[in-house]
Amino acid sequence: MNREGQGDDIIIASNLVKTFPGPVRALDDFSVTVRRGEVLVIVGPSGSGKSTFLRCLNGLEEVDSGTIIIDGLPLDDNEKHRLEIRREVGMVFQSFNLFPHLNVLENVSLAQRLVRGKSRARAREFSMELLARVGLADKAASFPAELSGGQQQRVAIARALAMMPRVMLFDEATSALDPEMIGEVLDVMRQLAEDGMTMVVVTHEMGFALEVSDRVLFMEQGRVIEEGAPEQFFNTPARARTRAFLRQIL
Amino acid sequence: MIRTRRTSLSLDLALLALLACLVGFIAYRITVHLDYAWHWGEIPQYILRHDDRTGRWVPNYLLRGLFTTLRLSLWGGLLALALGLAMALARTGRSLYWRLIARTYVLLLRNLPPLVIIFLFYFFLADQLIPHLALDVRARKAGPGVRWLLSLLVAEPGSISAFLSAVCTLALFEGAYITEILRAGIESVERGQWEAAHALGLRRHQVLRHVVLPQAFRQVLPTLAGQFISLVKDSSIVSVISIQELTYQGSQLMASTYLTIEVWVTVALMYMLLTFPCSLLVARLEARLARRHGGDGHDWGCLCRGEEVL
Ligand SMILES: Nc1ncnc2c1ncn2[C@@H]1O[C@H](COP(=O)(O)OP(=O)(O)OP(=O)(O)O)[C@@H](O)[C@H]1O
Ligand SMILES: [Mg+2]
């Protein structure tokens with residue numbers, strides 16, 4: 001599926017600045033590059049701009065300045081580029097955001113039909129395949145309100161995967177879940193990483209970060225404070241601020 | 001819980017007894033003191049009349065009025081819904097220009113008395129716009145099949161222009177309320193729904209069509225149905241521009257027969273015939289929605305007409 005001649009960097013974000021009225025500098029000259037197949041975990045205190053960064057990556061939020069290139073496509077004012085990038089970038093939200101008026105199968109099939117132009121039968125076939133992958137094939141006819149949080153989030157992951165994205169963004173995908181359901185969602189994410197999906201994951205699950213990620217990035221006040229391989233990041237953090245943060249959450 | 005039930009039950013009984021006394025008193029006054037000659041027997045012939053020439057029963061003034069009211073309400077309701085949807089989309093849309101237009105529309109129409117709106121728009125539409133379409137002439141020239149269909153669904157060929165003007169004015173007036181109802185519905189859909197749909201690559205119109213509007217409509221369906229009942233009732237104001245709907249027929253009949261009370265009681269019952277099934281439907285819908293949302297206090301009240309501030 002790789003595009004020819006795009007090199008190994010699938011996400012190139014350079015010098016992103018995003019301010020909100022306040023004024024809050026949610027992103028302050030933020031730069032990061034993600035390699036194809038890499039799993040990048042972003043950690044940081046509340047309000048540090050993690051969600052804002054993810055939302056800028058698929059154009060839900062517009063940056064004030066800086067450039068974002070996803071798989072060779074620049075995210076700019078061009079509406080076509082924005083739509084194309086959204087098709088290539090899947091997103092999973094903390095609050096699931098399933099469509100409550102559609103059943104599980106329709107949730108997963110909707111975008112395949114509307115955006116990819118698939119027939120009902122072909123969309124259904126692929127949706128069932130994905131639901132089986134997240135272990136919910138038997139829930140195809142259920143409505144979101146009839147599912148547990150963990151099940152809803154797995155449906156949301158299947159829904160994002162249905163677009164066959166090249167990159168998946170996870171914004172605290174397990175934060176709204178009861179503890180006993182976190183595992184089932186992390187398992188799906190782990191499997192995805194093993195299958196070679198490029199992932200940018202905002203999470204407080206340090207175990208997951210240590211075990212699954214290729215790189216951990218610590219951000220604060222819209223800036224990169226420190227990044228590195230997980231063992232090095234957790235065992236021998238270079239910056240005092242990082243050590244303080246890790247002491248707080250571990 | 002049970003305690004409050006009890007007290008409200010005894011209160012209900014007391015109120016019921018009071019009401020019974022009141023009704024009894026009024027009945028007593030009417031039978032003993034009111035010098036009114038009852039002629040209920042004359043009313044049925046104004047509903048259905050036996051045509052001696054064809055030997056068939058045909059609808060007379062009141063029933064024809066009821067049908068006209070029904071047609072007015074259905075077409076007016078449909079048109080108002082279309083207008084309301086367009087304006088609600090404009091009102092919640094991205095274009096400042098359209099937002100202003102929709103806002104002005106709602107502001108104007110909700111701050112004028114319905115009668116004034118009716119007169120203004122009726123005389124504007126009827127005098128300036130609709131005659132140019134020469135609908136009546138065309139309808140008269142049409143084949144018998146088309147004419148029959150027209151008088152079944154719209155109005156007698158001679159009064160199509162007037163009927164159309166009335167439908168437009170009603171729709172314009174009710175559309176303003178429907179705009180606000182639908183706007184509230186659209187705004188009640190969480191931002192996360194927009195974001196999830198956008199993140200999947202859906203375009204704005206697809207998000208609206210497949211994600212936001214279905215949820216918005218579901219949310220405001222009871223309110224919308226309630227507004228339709230209002231429309232049935234409000235349709236009586238077009239009697240002032242001589243549309244021969246139920247209220248108009250009632251007043252004509254009263255003037256010619258002096259059966260004042262009988263006529264209006266009959267008219268009231270006929271309106272109930274239209275609105276009561278709608279009310280039952282609304283109650284059903286509300287109960288069903290309350291069950292679906294676990295009765296978590298959806299505040300329909302704030303969605304009702306006139307409550308939403310601009
Ligand atoms: N739509 C918005 N309007 C105004 N301010 C915003 C908006 N979105 C985010 N912010 C501000 O931008 C900053 C970064 O927010 P962001 O949601 O990206 O933080 P976060 O790292 O995801 O925090 P959390 O861990 O609590 O989710 C915060 O100060 C927040 O208040
Ligand atoms: Mg966040």
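Before anything else, I wrote down what a helix is: helices (H or I, at least four residues) and strands (E, at least two) are DSSP runs, numbered from the N terminus. The model is predicted, so local features need pLDDT of at least 70 and side-chain atom pairs count only at pLDDT 80 or more, while totals for chains, interfaces and linings use all residues. Residues are numbered from 1 along each chain as its sequence is written, chains are lettered from A and ligands numbered from 1 in the order in which they are written, and side-chain values use heavy atoms, with hydrogens and water left out.

**Entry 1: a phenylalanine in chain A**

I found A:Phe208 in helix α7 of chain A, which covers residues 206-212. Is A:Phe208 buried or exposed? I noted that buried means under 20% relative accessible area, exposed over 50%, and partly exposed in between (1.4 Å probe, protein chains only). A:Phe208 has a relative accessible area of 2%, so this residue is buried. Next I listed its contacts (heavy atoms within 4.5 Å). Leaving out residues up to four places away in sequence, A:Phe208 touches A:Leu186, A:Met189, A:Arg190, A:Val201 and A:Ser213. I also looked up A:Pro21, which is 187 residues from A:Phe208 in sequence and 34 Å from it in space, C-alpha to C-alpha.

**Entry 2: helix α2 of chain A**

My next stop was α2 of chain A, residues 79-88, whose buried residues are A:Arg82, A:Leu83, A:Ile85, A:Arg86 and A:Glu88.

**Entry 3: where the two chains meet**

I checked how chain A meets chain B: 21 residues of chain A are in contact with 18 residues of chain B. Buried area is the accessible area (1.4 Å probe) that two parts lose on being put together, summed over both. Between these chains it is about 1,800 Å², and carbon and sulfur atoms give 62% of that. A:Phe99, A:His101 and A:Leu114 supply 32% of the area that chain A buries against chain B, more than any other three residues.

I looked up B:Thr247 in helix α11 (residues 246-257) of chain B. It counts as buried because its relative accessibility is 17%. Beyond its neighbours within four places in sequence, B:Thr247 is in contact with B:Ser236, B:Ser239, B:Trp264 and B:Tyr271. I then turned to B:Thr275, which lies in helix α12 (residues 260-292) of chain B. B:Thr275 has a relative accessible area of 11%, so it is buried too. Not counting residues up to four places away in sequence, B:Thr275 touches B:Ile229, B:Val232 and B:Lys233.

**Entry 4: ligand 1**

Last, I looked at the polar side-chain atoms beside ligand 1. An oxygen atom of ligand 1 is 2.8 Å from an N or O atom in the side chain of A:Lys50. For A:Thr52, a polar side-chain atom lies 2.5 Å from an oxygen atom of ligand 1.

Terms used: A polar contact is a pair of N or O atoms within 3.5 Å; within protein, one must be able to donate a hydrogen and the other to accept it, and residues adjacent in sequence count only if both atoms are side-chain atoms.
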